[in-house]
Amino acid sequence: MSTSTDHTVRDRLGVTPDAAVWCTIGKIPEPPVEVHRAAGSAPLRPALIRPLGMLGVALGMPLLFIGKLFGLLGAGEEALQRMLSTTGEQERHRAAKLEKKQRDEAVVELGLDKTFDGDWNGAAGRLLLQWYSHSSHHQRFVALAGDRILLAAPPKRVSIRRDALMQVVAEIPTEEAVLADPLLAFKVRNEKLVLRFKDGSWLTLTTVQWDSELHTYLKRQRQPGEARTTEA
């Protein structure tokens, strides 16, 4: 992060985190009606983009189509380059495809294609039931700060200035939960993290950056045998 971003994060969180990154979660499954009602019938989806944001999206659509066109042209050029590439370049391409295949298989094997463990009575399930009542924004800024895991977000969904508007919406002591990189042992680039609670429940976080600052931090703090403990 830049110095200005560091200052904004520190001001909004009230602390300088050891590591942090913006994350999303998967679609929250529909809970049993009685469970949802007991939790206050909180929203289970992020808010829709505001009209001004939708206008920005509409204005950006032509650029999106142009970008897709360039992407297709680039893909065709890449395919042609692969056909004409050297043996070493072809080997690197095959290695990249193999890494993606291994990563996709590991995600399914560890249950990381699911939003959470499925137990609505567990700590992870209870957190999900209140996820969007704390903030209707579709992302959370997940930060490790000493003995706490902080989740921050703007109060409402925004298209810009998320850093400047965010506030802490949840604070979890590390004695109650840990953040882990479950794909560490597979030694592949990834964007998955797991928030694992003491009761065994867990939820999957997807970072907006591959091999994020949190991944780097957790790699340095790696504990033996931790990487394969997530269960579907």
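Two residues are in contact when they have heavy atoms within 4.5 Å of each other. With that in hand, let's explore this predicted model through a few exercises.

**Exercise 1. Getting an overview**

Find out how many helices and strands the chain has, and what share of contacts between residues at least 6 apart in sequence joins residues at least 24 apart.

*Solution.* Start with the elements: the chain has eight helices and seven strands. Next, turn to the contacts. Taking those between residues at least 6 apart in sequence, 63% join residues at least 24 apart. Finally, look at burial and surface: 37% of the 232 residues count as buried, and the accessible surface comes to about 13500 Å², with 56% of that belonging to carbon and sulfur atoms.

**Exercise 2. The surroundings of S201**

Locate S201, decide whether S201 is buried or exposed, and list its contacts beyond its neighbours within four places in sequence.

*Solution.* First, the place: S201 sits in the loop between strand 6 (192–197) and strand 7 (202–207). Second, the burial: buried means under 20% relative accessible area. S201 has 3% relative accessibility, so S201 counts as buried. Third, the polar partners: the side chains of S201 and D199 are joined by a polar contact of 2.6 Å, and a polar atom of the S201 side chain lies 3.1 Å from the backbone nitrogen of A124. Last, leaving aside neighbours within four places in sequence, S201 is in contact with D117, G122, A123, A124, L195 and R196.

**Exercise 3. Two positive phi angles**

Work out what phi S41 has and what phi D211 has, then place each residue in its loop.

*Solution.* Begin with the background: most residues other than glycine have a negative phi. Now take S41, which is not a glycine and yet has a positive phi of about 50 degrees. S41 lies in the loop between helix 2 (33–38) and helix 3 (51–84), and at 44% relative accessibility S41 counts as partly exposed. Then take D211, also not a glycine, with a positive phi of about 45 degrees. D211 lies in the loop between strand 7 and helix 8 (213–220) and, at 35% relative accessibility, counts as partly exposed.

**Exercise 4. The two sides of helix 8**

Identify which residues of helix 8 are buried and which strands they pack against.

*Solution.* Step one: L214, H215 and L218 are buried in helix 8. Step two: these residues cover an arc of only 100 degrees around the axis, so they lie on the same side of helix 8. Step three: the buried residues of helix 8 pack against strand 1 (19–24), strand 2 (140–145), strand 5 (177–180), strand 6 and strand 7. Step four: the face turned away from the buried side of helix 8 carries the exposed residues K219 and R220.

Note on methods
Residues numbered from 1 in each chain as written. Predicted model: local features only at pLDDT ≥ 70, side-chain atom pairs only at ≥ 80, totals over all residues. Heavy atoms only, no water. Helix = DSSP H or I, 4+ residues; strand = E, 2+ residues; numbered from the N terminus. Buried < 20%, exposed > 50% of the residue type's maximum accessible area, 1.4 Å probe, protein only. Areas by Shrake-Rupley, 256 points an atom, 1.4 Å probe, with all protein chains shown as cover. Polar contact = N/O pair within 3.5 Å; in protein donor to acceptor, adjacent residues only side chain to side chain. Arc of directions from axis to C-beta.
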